[in-house]
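Hello,

Here is the structure I promised to pass on to you. Have a look at it first, and then read my notes below.

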Amino acid sequence: MRFSVKSLRMIFGLLMIISAGILVAQNNVAEEVAWVVGDKPIWKSEIEEQYNSMQYERMTIDGDPYCVIPELLAIEKLYLHQADLDTIEANENAVMSEVDARINYYISSLGSKEKMEEYFRKPMAEMRQTITESVRNNYRVQQVQNELTKNVKVTPSDVRRYFNSLSEDSVPYVPLMVETQIITINPIIPRQEIEDVKARLRSYADQVTRGEAEFSTLAILYSEDGSAVMGGELGLTGRARLDPEFAAVAFNLNDPKKVSKIVETDAGYHIIQLIEKRGDRINCRHILLKPHVSENDLQEATVRLDSLRHMIVNGEMKFEEAVPYVSQDKDTRNNRGVMVNAETGNTRFQMDQLPQEVAIAIDKLEVGEISEPFTMINPSTNREVVALVKLTSRTPGHKANLSDDFTQIKEMCEATTKQKILDDWLRKKIQETYVRIEEGWRNCEFHHQGWIKERTMAD
């Protein structure tokens with residue numbers, strides 16, 4: 001079995017808690033070298049820590065981890081050597097953004113910074129340094145792979161030859177796919193509801209300012225954001241990862257004891273408290289409250305869409321004709337209401353890729369039928385809306401074929417072509433590079449041939 005481009009990138013992306021260049025182990029015994037690739041050692045501690053990291057990520061290891069992981073680290077070193085030769089550097093803004101996201105993920109999933117440090121047995125500063133190195137390496141590896149495969153283009157005849165060469169067992173199964181159109185109405189939120197939300201936020205800010213309550217406690221109790229469990233803390237974050245309105249206020253805060261003015265975003269209304277600034281990144285807490293649509297307004301929108309549905313069903317108007325005049329969904333109203341899959345960029349969805357309410361609404365529909373009006377949360381705005389959906393196509397699950405699944409097969413053909421280029425490059429690179437595998441680490445079935453050479457046996 002070979003490492004695919006996708007799996008290599010996932011695995012390199014998880015090389016994040018590795019202490020490159022460690023000279024002594026935690027028990028103060030001289031560190032053991034497992035492999036040497038070129039002039040770069042692979043330490044036993046690197047392998048152990050990577051194993052722990054992959055177990056934490058619940059990542060499947062296909063084989064003996066003490067064979068698989070050293071080989072992955074060796075492959076990474078070959079790519080990084082090529083990156084050095086080609087003077088390929090990572091985008092540092094992208095690197096720091098990714099590092100922040102991963103550290104925040106660990107803190108969120110483990111419960112606190114202290115629990116994260118305890119779990120990985122590293123202080124935050126060392127965690128950040130090693131994660132930064134790993135993420136930077138991952139970006140450089142990806143750039144080398146992209147450079148090696150940038151000229152890959154497949155023609156329709158290439159795709160047909162590729163598909164015809166597949167064994168019966170290799171032809172992928174394509175799950176049930178659907179295409180849909182949607183019309184939504186955004187009920188107006190009453191002004192009084194908005195004023196009530198703002199009044200509550202002003203009350204929370206006053207309590208913090210007067211020292212009557214901790215901001216983090218109020219966030220846990222009242223915030224409607226997922227960060228509430230962390231006391232509203234967002235972790236070190238770059239400006240680009242925040243809503244522009246939120247970032248504009250948060251980055252202007254200077255006093256951790258003060259609370260910001262009320263900030264409106266698509267998610268709702270916030271107050272913010274600064275924790276720290278570090279260069280072009282910020283850590284802050286926030287409390288989010290969302291004004292809610294009244295039942296009466298939801299009912300009124302439902303009645304409107306019910307009337308529209310009857311007009312369409314009776315042939316007085318076509319669904320796509322109604323979209324630009326009625327729908328308030330900014331993502332689809334200029335596209336005849338056609339929903340686009342954000343994961344793939346095309347119009348086909350697996351059922352679990354649709355918003356849950358849409359999936360339920362179309363589950364029993366025949367192609368061409370329109371649902372009854374229903375209430376849902378718009379994923380783009382986090383607001384309650386009322387919607388109608390039309391099922392425009394349903395393709396049952398099936399073995400892939402060229403007529404129905406050409407795009408997917410083309411992607412497979414391109415991936416296979418790229419993988420062959422990378423495998424050939426690695427084969428040549430392994431042969432050209434000095435590699436020594438120490439006793440106790442050689443008895444493996446490696447994914448790539450050529451690691452163990454006659455000259456290494458003589459060393």
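**What I found**

Let me start with Arg 140: leaving aside neighbours within four places in sequence, Arg 140 is in contact with Leu 80, Ala 83, Asp 84, Ile 88, Glu 89 and Ala 90. Please keep in mind that this is a predicted model. Arg 140 sits in helix α6, which covers residues 124-149. Its relative accessibility is 9%, so Arg 140 counts as buried, the cut-off being under 20%.

Next, the disulfide. The structure holds 1, and it joins Cys 67 to Cys 444, with an S to S distance of 1.9 Å. The pair links distant parts of the chain, 377 residues apart: Cys 67 belongs to helix α3 (residues 65-85), while Cys 444 lies in the loop between β13 (435-437) and α15 (454-458). The torsion about the S-S bond is about -75 degrees, so this disulfide is left-handed. Cys 67 counts as buried because its relative accessibility is 9%.

There is also a sheet to look at. It is open and has 4 strands in the order β5-β8-β7-β6, with antiparallel pairing. β5 (237-238) and β6 (263-265) stand at the edges with a single partner strand each, so one side of each has no neighbour in the sheet. Between β5 and β8 (residues 281-289) the antiparallel pairing runs over 2 bridges, and Gly 238 stands opposite Arg 281 in β8. Helix α9 (residues 215-222) lies across β7 (268-278) and β8, at about 45 degrees to β8.

Two further cysteines are buried: Cys 284 at 2% relative accessibility and Cys 413 at 5%.

Best wishes

Methods. Residues are numbered from 1 along each chain as its sequence is written. This is a predicted model: local features need pLDDT of at least 70, side-chain atom pairs count only at pLDDT 80 or more; totals for chains, interfaces and linings use all residues. Side-chain values use heavy atoms; hydrogens and water are left out. Buried means under 20% relative accessible area, exposed over 50%, partly exposed in between (1.4 Å probe, protein chains only). Contact means heavy atoms within 4.5 Å. Two strands pair if DSSP finds at least two bridges between them. Axes are lines fitted to C-alpha atoms, for helices over the stretch in contact, and angles run from 0 to 180 degrees between N-to-C directions. A disulfide is a pair of cysteine sulfur atoms within 2.5 Å.
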